[in-house]
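Biologist: Can you walk me through the sheet in this one? Keep it quick.
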Amino acid sequence: NISMNPDKQVAVLLSDEDSIFSDYLYFYFRIYKKNLIKKLFSKALDRILEQEIEEISVAEIGSGNGYDALNIMNILVQHSKTKNKKIKLTLAEGLKSSIEKSKDLLEEFNHFEIEYLQMDFNQSLPMKSGIFDIVICTEVIEHIKNPNNFLKEIFRTQKNDSYFILTTDNSPNLLQKIKRFPLLLSGRYNRKYKKVDPDLDPDTFYTEMNNDQIPIYGHINLKTCTQWEKIFKSVGYTISSLGTYESVRRGGGNQSPPVLFFYFFWSTISSLLPSFLSKHIGDTTAFIASKRHH
């Protein structure tokens, strides 16, 4: 469209899934995510290895297509203190197609013990109690109908003195609150952001498991970092370490260049602040929680 505003033209390119600009922004998100998981997982692994155990058991709940699992396995096999350790990786996922993609991606690690499980995360988890040293759950918990029960189930599957790594949306963060302030003043905030029945959420879709249809929900449980911390503590976890907080939306969204530049600027500011401040600003909640022996 020749008459389209130049900023609007670039925004269309950024939000177009087939655009190379969108690919660059998504690539940025993947690199950020890879480095974040590496940082958090390495920190948790070092603490586990202090226990001088013979076997390391790791689970990823919501493993997707296996990208984070590939990152995790590379860290495990390259760490100087895991040479003589037995490594077991459990990958749990709702979509069977994603499990198949994970198997292809992790084929080079087939000499390790890797278990693939398809499951409905809104039900009780079919794993034994007290078996995992580290559990990773990235961009999953916001899709769960009852996150408290979900966390209690994960807590049950973990050993004493084990670690849980979480990343999820931090919403509404400070920037979102500022943008929504006019709605609050007008009295339309509760109507706009009221809690939706998960089964009526338009982003919900169904996948087949054991000849049954199980729901995969959209973002039905967005919470702030502070709220997630409170929920984790109520389950029995201790927050061991806060991670970094990222403000650039994956894929860029339908954003003009000035807005996108502001997101990068906001991200830089949040990464420089102490975690007790940045957790209110950034787009993402990221922390390590521990299950302590009592």
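**The sheet and its helices**

Modeller: Strands β1 and β2 run parallel, joined by seven bridges. Strands pair if DSSP finds at least two bridges between them. Strands (E, at least two residues) and helices (H or I, at least four) are DSSP runs, numbered from the N terminus.

Biologist: What should I know about the model and numbering?
Modeller: This is a predicted model: local features need pLDDT of at least 70, side-chain atom pairs count only at pLDDT 80 or more, and totals for chains, interfaces and linings use all residues. Residues are numbered from 1 along each chain as its sequence is written, and side-chain values use heavy atoms, with hydrogens and water left out.

Biologist: Which residue is the bridge partner of I61 in β2?
Modeller: A92. The chain goes from β1 through α3 to β2, a right-handed β-α-β crossover. Right-handed means that, with the strands pointing away from the viewer, the path from the first strand over the helix to the second runs clockwise.

Biologist: Is β1 mostly covered or mostly open?
Modeller: Mostly covered. Six of its seven residues are buried, meaning under 20% relative accessible area with a 1.4 Å probe, protein chains only.

Biologist: And what is the strand order of the open sheet?
Modeller: β3-β2-β1-β4-β5-β9-β8, seven strands with mixed pairing. β3 (113–118) and β8 (238–242) are at the edges with a single partner strand each, so one side of each has no neighbour in the sheet.

Biologist: How do β8 and β9 pair?
Modeller: Antiparallel, over four bridges. T238 has S290 in β9 as its bridge partner.

Key. Buried means under 20% relative accessible area, exposed over 50%, partly exposed in between (1.4 Å probe, protein chains only).
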